[in-house]
Amino acid sequence: QVQLVESGGGLVQAGGSLRLSCAASGSILLINTMAWYRQAPGNERELVARIGRGGSTNYAEPVKGRFTISRDNAKNTVHLQMNSLKPEDTAVYYCYAEVQVRVGGNFLRYWGQGTQVTVSS
């Protein structure tokens with residue numbers, strides 16, 4: 001089995017910063033795409049940012065220029081540096097990873113349990 005554990009959420013004032021981290025553990029052979037999603041109350045879960053194994057990145061328009069995603073392949077970790085936070089960034093943030101657990105196997109999708117980020121105005 002594979003587990004994704006997030007950390008780093010919390011309460012911050014508008015304009016502040018937070019850094020989220022996610023560590024993957026378990027029967028991991030290889031991790032392909034890693035990403036952060038978020039879900040605000042009453043809304044669907046949406047992509048925030050994703051990063052390929054080689055480091056290529058994509059960001060949702062609302063966070064471009066403010067958030068930075070990074071990863072450490074040796075440690076199976078992914079991070080999200082969030083700057084210039086806005087009240088509309090308030091949501092539960094979820095870590096996501098596509099993981100190969102056996103040679104020749106498909107990449108399976110895993111989610112973390114989520115971490116709350118609250119930005120006060």
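The model is predicted. The structure holds 1 disulfide, which joins cysteine 22 to cysteine 95. Glutamate 6 is buried without a salt bridge, and its side chain reaches the backbone nitrogen of cysteine 95.

**Disulfide**

- The sulfur atoms of cysteine 22 and cysteine 95 are 2.1 Å apart.
- The link between cysteine 22 and cysteine 95 is left-handed, with -85° about the S-S bond.
- Cysteine 22 belongs to strand S3 (residues 18-26) and cysteine 95 to strand S9 (residues 91-100), so the bond ties together parts that are 73 residues apart in sequence.
- Cysteine 22 and cysteine 95 are both buried.

**Glutamate 6: position and charge**

- Glutamate 6 sits in strand S1 (residues 2-7).
- For glutamate 6, the nearest side chain of opposite charge is that of arginine 45, at 7.6 Å.
- A salt bridge needs a side-chain nitrogen of Lys or Arg within 4 Å of a carboxyl oxygen of Asp or Glu, so arginine 45, 7.6 Å away, does not form one with glutamate 6.

- The side chain of glutamate 6 reaches two backbone nitrogens: that of cysteine 95 at 2.8 Å and that of glutamine 113 at 3.1 Å.

Technical notes: Residues numbered from 1 in each chain as written. Predicted model: local features only at pLDDT ≥ 70, side-chain atom pairs only at ≥ 80, totals over all residues. Heavy atoms only, no water. Disulfide = S-S within 2.5 Å. Helix = DSSP H or I, 4+ residues; strand = E, 2+ residues; numbered from the N terminus. Buried < 20%, exposed > 50% of the residue type's maximum accessible area, 1.4 Å probe, protein only. Lys, Arg positive; Asp, Glu negative; His and termini not counted. Polar contact = N/O pair within 3.5 Å; in protein donor to acceptor, adjacent residues only side chain to side chain.
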